[in-house]
There are 2 protein chains.
Amino acid sequence: MRTESRVTRKQVGIRDVAAAAGVSVTTVSHVLNDTPHTRTSDDTRGRVKAAAEKLGYQPNRLARGLRTQASEMLGLITEEIATTPHAGKIILGAQEEASRNNLMLAIINSSLNPAVDIDATEVQAFLDRQADGVIYATVYHDEVNPPEEMLGVPAVLIGARDVRREIPSFIPDERSGAASVIDMLVSRGHRRIAFAASSVDVPATRGRLLGYRDAMLAAGLDPDRFVVEGEAEASGGYDATARLLDVAASHDQRPTALFCYNDRMAMGAYRAIAERGLSIPADISVVGFDDQDPIPTSLFPPLTTVALPHYEMGARAVAELMGIIQRRPEHGLLPGHPTLLTCPIVHRESVAAPTGQGRDDSEID
Amino acid sequence: MRTESRVTRKQVGIRDVAAAAGVSVTTVSHVLNDTPHTRTSDDTRGRVKAAAEKLGYQPNRLARGLRTQASEMLGLITEEIATTPHAGKIILGAQEEASRNNLMLAIINSSLNPAVDIDATEVQAFLDRQADGVIYATVYHDEVNPPEEMLGVPAVLIGARDVRREIPSFIPDERSGAASVIDMLVSRGHRRIAFAASSVDVPATRGRLLGYRDAMLAAGLDPDRFVVEGEAEASGGYDATARLLDVAASHDQRPTALFCYNDRMAMGAYRAIAERGLSIPADISVVGFDDQDPIPTSLFPPLTTVALPHYEMGARAVAELMGIIQRRPEHGLLPGHPTLLTCPIVHRESVAAPTGQGRDDSEID
DNA sequence: ACGTTTTGCCAAATCGTCTTGGCGCCAGAG
DNA sequence: CTCTGGCGCCAAGACGATTTGGCAAAACGT
């Protein structure tokens, strides 16, 4: 026998409020929604509001949605929540921004899709439920080809741009994030700055390498000499760093700073460095990328790294959706031009000025 | 000027299908929903289905929900998606199970709440939207006091049990997870097994310590001799392990295995061990807890650890909710008895048999 | 041939809200 | 006194599905 303490709560409807306030449902609706172009005396307004308050009235969103053709729900489709470390932050950003706008955020997880074509099924699921807007977040794509369905509804892309340039998108500015690291290192006095690049072909590897080379060139430094490549994992970082250090003929040849493609590689780099009796940051500064919890704070010394704007992408995507839905003129414009979000450096303790030494051979002129 | 390619798609309704099939909307509804106790000729059924198919008809869920008093949406409230590493897996499990049942999963993030009382606001938000059920997931609680609102709707708790024992819950079986590690270690021949405990007072620290002691006692080993305590971070693991190793007068006194409260502490332990010239697992085996991505696979050697059943908790919670909603008799029973989900050991490479040595002094009899 | 089922389908009510159009009343103007 | 125009409120009609109750026609039994 099931315990029947679980009473079906009796929902109070707009009729109940109307009855309690001694007015019609029309008036209740007008008062509670502040409907423009309607007049109601202050006395009546007061009675209605009091009645609604006392009864704890909350409008039935399904009914309201049916009438207004708006579900007050946004849909977020994300590729492999589980495998991509920071999707949680995207969800968080989107959810909080949605709450601020009094919307609900629903989520569908999509399997990782190597192709550019987005599967229409998930989008359709949201359309069936009359989502007011849809966000599609991808991880490892440059461009993505959204299904027709997404054009019929306010939509925003996260992490990739639309091949047809019809849907607005938000993507991290990996390139300038990487460049800012080199700038920072240079400003601290480093000249021999190595880069442990990734060997997988995703937008992030290209962007970060480009940023490294941009900044090295801008600083008048050789953009190729200290580039090593490895798998984007701790083991790859270890191998790459080992090669980098062992090839250096002497102390004067050794890089004084190492920028790693990501935090996992940096973690491997720490081990390779420690094994050689070197210390961070005294002998060599190390910088990571991703700010992938819990690595940076668990390493010793804590790792200076670059954070991805996950939270911001989620929040901005929702904000953009709101703009499109409300047809505010500044939104939905020029969707072909993706919005680049900056990746800020998170300063911790793995960077220091290089130990003093004169002019060095890595400058080019 | 906004590009007006964004056409408002014309939704096909049940009327359109009815017209196309030359029947009434009633019949269309009956056919498409397989409504019991209604008769329709095979011929008609065929025509209706064909018409629905051809028009790509999808019922408007809001309208359906309004009529059937069911939104086909479940609400998940989770404390601090961002700060708790694995909440993503809970969401994933819940979402996939929801999809299997043709339900949508909506999410609200709640701020971390040190008190036992659940804030009613978030629950209310879901009730307003006529969620068919609500899941509340907490991290650092033993017990939780759900608001009245949650009793009026199918509800399930994750990670904590209901003080009033009215709402079913799913929680990880930390205690036996910890015990199974010790059993495993003992079966490999270890006798001096240390535990690096956590110093914060959460259910997990108590459960894991209890499990360690249970199993040590059961194996006839001293459950107190090798317990050290530290902050539940890499630094705490480093400190605790350093103390543990430095106190050992000789090689014969040193533990041959170290079980850490969590993977972050294990990460610190790795460093302390390496600094003393010891190697894992040859000199000492190490086991973590949490299977917190990306630590276990980024460490060298890869860390053997215990996984938390996050995905399963999410999925089971949704399944339970379905059972309650459909009033299947086996569900919603005995909610006072939380369901313990097992924490499986994930074997990697940080465990080996201890290097041979005879009877040792840590046995008690 | 004449009731009685059974079969196949449908009209209308319903869910709870928003929204359109209009109706009575009172005040001020003519 | 009548007319006019604003003010304050409401009745009724969507919205798009499900569900209830019933009505013809066909099938069956005698």
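Start by selecting DNA strand D: 27 residues lie around it, and Val23(A), Ser24(A), Gly13(B), Ser29(B) and Ala63(B) come nearest (a residue is near a strand if its C-beta atom, placed from the backbone, lies within 6 Å of it). Two or more residues each come from H2 and H4 of chain A and from H2 and H4 of chain B; helices (H or I, at least four residues) and strands (E, at least two) are DSSP runs, numbered from the N terminus.

This is a predicted model, in which local features need pLDDT of at least 70 and side-chain atom pairs count only at pLDDT 80 or more, while totals for chains, interfaces and linings use all residues. Residues are numbered from 1 along each chain as its sequence is written, with chains lettered from A and ligands numbered from 1 in the order in which they are written.

Now select DNA strand C, which 27 residues surround, the closest being Gly13(A), Ile14(A), Ala63(A), Val23(B) and Ser24(B). Here, helices H2 (25-33) and H4 (61-68) of chain A and helices H2 (25-33) and H4 (61-68) of chain B each give two or more residues.

Next, colour chain A by pLDDT (the predictor's confidence in each residue, from 0 to 100). Its mean is 90, and 91% of the residues of chain A reach 70 or more. Over residues 1-9 of chain A, however, the pLDDT is below 50. Where pLDDT is low, the predicted coordinates should not be read in detail.

Finally, go to Met150(A), in the loop between strand E4 (143-144) and strand E5 (155-158) of chain A. Is Met150(A) buried or exposed? Met150(A) counts as buried because it has 24 C-beta neighbours inside 10 Å (buried means 20 or more other C-beta atoms within 10 Å of a residue's own, exposed 12 or fewer, partly exposed in between, with C-beta atoms placed from the backbone).

Definitions and conventions
Contact = placed C-beta atoms within 7 Å.
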